[in-house]
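Welcome, and thanks for taking a look at this structure. Have the sequence and the 3D view open side by side as you read.

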Amino acid sequence: MAGAAQQRAGWRYRANVAARVVAGTIGAYAVAALFAMALARILPMDRAQAVVPATLLAFLVGPAVTIWAFLARGPWRAWAGVILLGALFAAIAWAVGAPA
Amino acid sequence: MSAAVREGVRQVMAWLHGWVGLLLGWVLFVMCLAGTLSVFKPEIGQWMRPETVATADPADAVQAATDWLARNSKGSTGWYLTAPNDRSNTVEAAYDSDGAFLYRALDPVSGTAAPRETLGGEFFYRLHFELDLPYPWGRLLASLAAMFMLVALVTGIIAHRRIFKDYFTFRPAKGQRSWLDGHNALGVLATPFHLMITFTGLVTLASLSMPWGITALYGSDLAKFYQDFTPGFTQRAPTGEKAALAPVAPMLREAQRQLGGTIGRVYVLNPGDKAAVVTVYRSDADQIGFNQSQISFDGVTGKPLGTWRETRGAIQTYNVAYGLHMARFAPLATRWLYFLGGAMLTLAIATGMVLWIVKRRERAPLSLGNRILERLNAGFLGGVPLGCAAYLLANRLLPLGLNGRAELEVSTALWTAAAALVLGAMLPPRRSWPLLTAATALACALAALIGLPLSVMSAALLTTAASLAMLVQKQLRGPTKRPERKRRAAA
């Protein structure tokens with residue numbers, strides 16, 4: 001994206017930015033949300049307490065994913081990263097399951 | 001990482017920083033300005049109710065307040081009271097009556113609503129995270145803006161070449177360079193504060209904006225979650241059977257004896273019902289953690305229902321994060337530091353918004369979109385402070401006893417800001433900027449001078465007016481070093 005001034009108007013550039021914007025906003029929030037769910041379920045604390053670190057750290061995961069979505073070498077990689085991370089956290093949350 | 005890659009990363013970060021800032025910059029500007037003023041929420045309230053000067057023992061004052069509320073509210077589900085303290089002499093009451101949600105400052109001796117009916121500092125406080133929008137939209141927008149803010153801060157830091165040097169760099173009257181220096185200095189000087197306040201701000205609205213950890217463990221059973229999270233908060237369904245509220249003063253004295261410190265807030269749930277509950281929170285004035293201990297009483301019999309002192313590590317962490325944002329613990333000097341940090345963040349946002357335009361104007365003629373943005377920037381960044389000043393001025397000018405007086409003050413603020421935005425859209429920025437800044441200076445000065453006596457608040461307003469007047473002078477003179485820049489470029 002950097003140094004691409006000459007092709008800024010091209011549809012490729014626009015599609016590239018658009019793909020990263022969606023990955024960096026909706027994608028980043030989804031990853032953060034799934035992270036919160038996974039961490040809340042694996043923390044060996046009582047329910048009310050486990051919610052706190054899960055939620056607080058999720059607020060740091062979100063911006064990290066956003067920034068990464070724009071730094072990744074291509075929009076495909078940005079999306080692959082978001083999907084992989086999201087799938088990983090979803091799998092953990094699902095595997096541990098809701099407390100009885 | 002090679003130097004080229006590092007430079008590439010910086011450019012991407014700068015690009016992201018610019019767009020994130022542009023998209024929600026105005027919302028963030030309102031939030032930061034209102035939040036900064038909220039640091040002195042009780043003091044602003046005191047200044048806005050000069051007629052209410054009586055003081056009373058907190059327990060007696062809350063007793064007077066509940067007596068008044070019992071007579072003057074209908075079908076309430078709860079009264080949420082803040083006891084007087086060394087920053088405020090009134091009892092602040094938020095309550096519902098006949099389905100309407102009301103806010104009144106009550107006289108500590110008579111319990112009646114203050115004659116100068118006003119929201120006081122509560123207006124800025126609510127504006128800070130609800131943006132005068134209906135629930136939950138205002139809070140959701142505020143949460144979204146805070147997330148953008150966090151991204152803007154991190155990208156701004158990474159995009160930076162020389163954090164330390166920028167502490168000491170300011171090259172005035174050099175167009176884009178100066179705006180960038182100013183923006184950097186404002187952002188860099190208080191970076192840790194900016195990061196802390198943004199993160200803890202997100203935490204305060206977490207149950208709304210990031211509820212997924214709760215969902216993962218509690219499903220949709222939120223009642224159970226709140227019961228686990230705040231066990232000291234006793235809730236009972238109303239029975240429908242009427243019963244008078246027992247005197248609260250003895251409950252408050254008992255609470256103070258058990259919890260130590262002073263009384264902070266008093267919640268009366270289901271007042272007038274047989275299932276009434278009175279919950280007393282210890283004041284946060286001497287501890288960072290928020291709502292750390294409370295005691296509940298049966299509202300009809302006055303018997304204690306339970307005492308809760310928070311000792312669970314994770315919950316205490318949350319309470320401390322919350323408390324760091326609310327700054328209720330802060331003694332006077334710390335409060336001023338919060339105010340300064342907030343003011344710097346507000347100005348960093350404003351200069352950032354201006355910088356977006358300045359940067360593009362120095363490269364090429366502005367596009368239509370950016371020309372519109374330039375005008376609306378002046379209208380908005382100049383208009384919101386003017387609206388705040390108009391709110392204070394309306395407090396001095398509107399006659400007492402006017403119907404819906406408190407709401408009129410708020411409408412004055414909102415319509416003034418709206419008018420400023422229209423003015424900004426219509427006039428060229430070189431006219432609208434000095435006009436709006438001068439109007440804000442004038443409004444601040446008038447608000448300070450009408451209805452003396454002088455106080456710290458009026459001194460602060462006069463100082464603001466004086467600095468704004470100096471700014472107007474600068475704005476009218478315009479950029480001075482332009483020709484020199486061109487000569488150098490040609491050489």
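Here is a short tour of chain B, topic by topic.

This is a predicted model. Chain B is divided into three parts called domain 1, domain 2 and domain 3, and 31 of the residues of chain B are in contact with 29 residues of chain A. The points below go from the domains to the sheet, then to the helix pairs, and end with the contact between the chains.

**Domains of chain B**

- Domain 1 of chain B is made of the stretches 1-49, 137-204 and 340-364.
- The centres of domain 2 and domain 3 of chain B, taken over C-alpha atoms, are 38 Å apart.

**The sheet**

- Chain B has an open sheet of 7 strands, and reading across it gives the order β3-β2-β1-β4-β5-β6-β7 with antiparallel pairing.
- At the edges are β3 (100-106) and β7 (304-309) of chain B, each of which pairs on one side only.
- From one strand to the next, the twist averages 15 degrees.
- Strand β1 (residues 78-82) of chain B pairs with strand β4 (residues 263-269) of chain B through 5 bridges in the antiparallel sense.
- β1(B) is also joined by 4 bridges to strand β2 (residues 91-97) of chain B, again antiparallel.
- T82(B) is a handy residue to look for: its bridge partner in β4(B) is R265(B), and in β2(B) T82(B) stands opposite E92(B).
- Further along, β4(B) pairs with strand β5 (residues 277-282) of chain B over 5 bridges, in the antiparallel sense.
- In that pairing, L269(B) is opposite V277(B) of β5(B).
- Helix α3 (residues 58-72) of chain B lies across β1, β2, β3 and β4 of chain B, and runs at about 25 degrees to β2(B).

**Two backbone details in loops**

- What joins Y135(B) and P136(B)? A cis peptide bond does, with omega at about -5 degrees.
- P136(B) is in the loop between α4 (122-130) and α5 of chain B.
- N270(B) is not a glycine, but its phi is positive, near 50 degrees.
- You can find N270(B) in the loop that lies between β4 and β5 of chain B.

**Helix pairs**

- Two packed helices are described by the angle between their axes and the distance between the axes.
- α1(B) packs with α5(B) at an angle of about 145 degrees, and their axes are 8 Å apart.
- The crossing of α1(B) and α5(B) is left-handed, and their contact has 19 nonpolar, 4 polar and 1 charged residues.
- The axes of helix α7 (residues 176-189) and helix α14 (residues 332-363) of chain B come within 9 Å and cross at roughly 155 degrees, which makes α7(B) roughly antiparallel to α14(B).
- α7(B) passes α14(B) in a left-handed crossing.
- Among the residues of α7(B) in this contact are W179(B), H183(B) and L186(B), and those of α14(B) include M344(B), T351(B) and E362(B).
- By class, the contact of α7(B) with α14(B) divides into 10 nonpolar, 6 polar and 2 charged residues.
- Helix α15 (residues 368-397) and helix α17 (residues 429-449) of chain B pack with their axes 8 Å apart, at an angle of about 15 degrees, and therefore α15(B) and α17(B) are roughly parallel to each other.
- α15(B) and α17(B) cross in a left-handed way, with 15 nonpolar, 6 polar and 3 charged residues in their contact.

**Where chain B touches chain A**

- The contact between the chains involves 31 residues of chain B and 29 residues of chain A.
- On the side of chain B that touches chain A, at least two residues come from each of α1 (3-38), α5 (137-159), α8 (191-204), α10 (212-218), α11 (222-229) and α13 (313-326) of chain B.
- Which helix gives the most to the side of chain B that touches chain A? That is α10(B), with 7 residues.
- By class, this side of chain B has 22 nonpolar, 7 polar and 2 charged residues.

Technical notes
Residues are numbered from 1 along each chain as its sequence is written. Chains are lettered from A and ligands numbered from 1 in the order in which they are written. This is a predicted model: local features need pLDDT of at least 70, side-chain atom pairs count only at pLDDT 80 or more; totals for chains, interfaces and linings use all residues. Axes are lines fitted to C-alpha atoms, for helices over the stretch in contact, and angles run from 0 to 180 degrees between N-to-C directions. Angles under 35 degrees count as roughly parallel, over 145 as roughly antiparallel, 65 to 115 as roughly perpendicular and the rest as oblique. A crossing is left-handed if the near helix is turned anticlockwise from the far one by less than a right angle, and right-handed if clockwise. Ala, Val, Leu, Ile, Met, Phe, Trp, Tyr, Cys and Pro count as nonpolar, Asp, Glu, Lys and Arg as charged, and the others, Gly among them, as polar. Domain bounds come from an automatic or database domain assignment. Two strands pair if DSSP finds at least two bridges between them. Two residues are in contact if their C-beta atoms, placed from the backbone, lie within 7 Å.
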